[in-house]
Amino acid sequence: METSLLNQLTENQSDLIEKINALKKKKNAIILGHFYQRPEVQEVSDFIGDSLALAQKAVNTSADIILMAGVHFMAETVKLLNPDKKVLIPCTDAGCSLADSCKATDLKKFIDENPGHTVISYVNTTNEIKALSDIICTSSNAVQIVNSLPADEKIIFGPDRNLGTFVSKQTGRQMLLWNGACHVHRRFSAARIAELKSKYPAALVLAHPECQADVLDISDFVGSTAAILNYVKNSDCKQFIISTEPGILHQMQKSNPEKQFIPAPPDDATMSCNECEYMKMITLENIYQALLNENPEVNVDAKIRDAALRPVQRMLEISSKLGI
Ligand code: SF4
């Protein structure tokens, strides 16, 4: 484990990490952790990645138990791909405002009102939404997924309108967009980032495509968490303003100790940083309890499993074909 983090861990946290590692070994369990998790949770994870990498990793694991250190829809996707494995989520309240912004009955109505469209849904959705979709995408592959369809194909894209607008601009395709958003990325403020930029004029601004269009317009690079990490690694610049959930700074700082990362502020001046409270619900304590008790377990409704799995598999096939 990274020395600086090791020094900051409390005795209780070090003790929990030891116990979690022992349980993982005993139960042949792995922990898949998202980039937005707490630093100590990332450190206890066997694999850290964005939604696409986590889904790809989930397909290839030989573990008997998979614990998702992320939010609920991620655990649901893992269970879809691994029906015979035990999938655990340490906190069932770890939801997602973006997934919540699209209800199955509303999407079904929208699809019925707009027949003849291919439905592309972002992975940040419930299995009910996936079951209504033709292809799933993540922010790492959304542009390529859209480009893989014939130019005259009519597309419904949801639920994130900001990602949809970005993909539309990148591909030159008109799409019907669902009007959903992530409450974390929506509240980054172009005005406050511009203020920060005047304080750090040499810094490059890097943003996630779930941010509003005015934030993306003033950014030097727009990409998924994995793409942002890659950009930072390959850039000669030494200072970056990061417009995505600040959990990602842990991996950035670890891989690039000589560079400086400044988290972009939210529009609310009373907030010091822009964290996703759902991601932060996962703690060492609830990971330990979940592994110990093998609970809470995530299950998928058998009635929708096949329909929800098909568009996820289609995404993985396209990604694999394109080498993403
Ligand atoms: S950061 Fe936004 S999209 Fe990601 S889990 Fe939190 S609410 Fe959902």
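Let me start with a pair of helices. Helix 5 and helix 17 are roughly perpendicular to each other. Keep in mind that this is a predicted model. In general, the way two helices pack is described by the angle between their axes and the distance between those axes. For this pair, the axes cross at roughly 100° and come within 10 Å.

Now let me step back to the domains. The protein is divided into three parts: domain 1 covers 3-95 + 279-293, domain 2 covers 98-182 + 302-322, and domain 3 covers 188-263. Helix 17 is residues 302-322, and that stretch is listed under domain 2. The centres of domain 1 and domain 2 are 27 Å apart, taken over C-alpha atoms. Domain 1 gives 12 residues to the contact between them, and domain 2 gives 16.

Which elements supply the domain 1 side? Two of them give two or more residues each: helix 4, at 51-60, and helix 5, at 72-81.

Four strands form an open sheet with parallel pairing, and their order is 6-5-7-8. Which strands stand at the edges? They are strand 6, at 135-137, and strand 8, at 176-177. Each has a single partner strand, so one side of each is left without a neighbour in the sheet.

For strand 8 we can look at the pairing itself. Ile-156 stands opposite Leu-176 in strand 8.

Last, the protein as a whole. How many helices and strands are there? The count is 17 helices and 12 strands. The radius of gyration is 20 Å, close to the 20 Å that the globule rule gives for 324 residues, so the protein is as compact as a globular protein of that length. Along its principal axes, the C-alpha trace spans about 60 × 55 × 35 Å.

That is what I had; I will stop there.

Notes:
Residues numbered from 1 in each chain as written. Predicted model: local features only at pLDDT ≥ 70, side-chain atom pairs only at ≥ 80, totals over all residues. Domains from an automatic or database assignment. Contact = placed C-beta atoms within 7 Å. Axes fitted to C-alpha atoms, helices over the stretch in contact; angles between N-to-C directions. Parallel < 35°, antiparallel > 145°, perpendicular 65-115°, else oblique. Pairing = 2+ DSSP bridges. Rg over C-alpha atoms; globule rule 2.2 N^0.38 Å.
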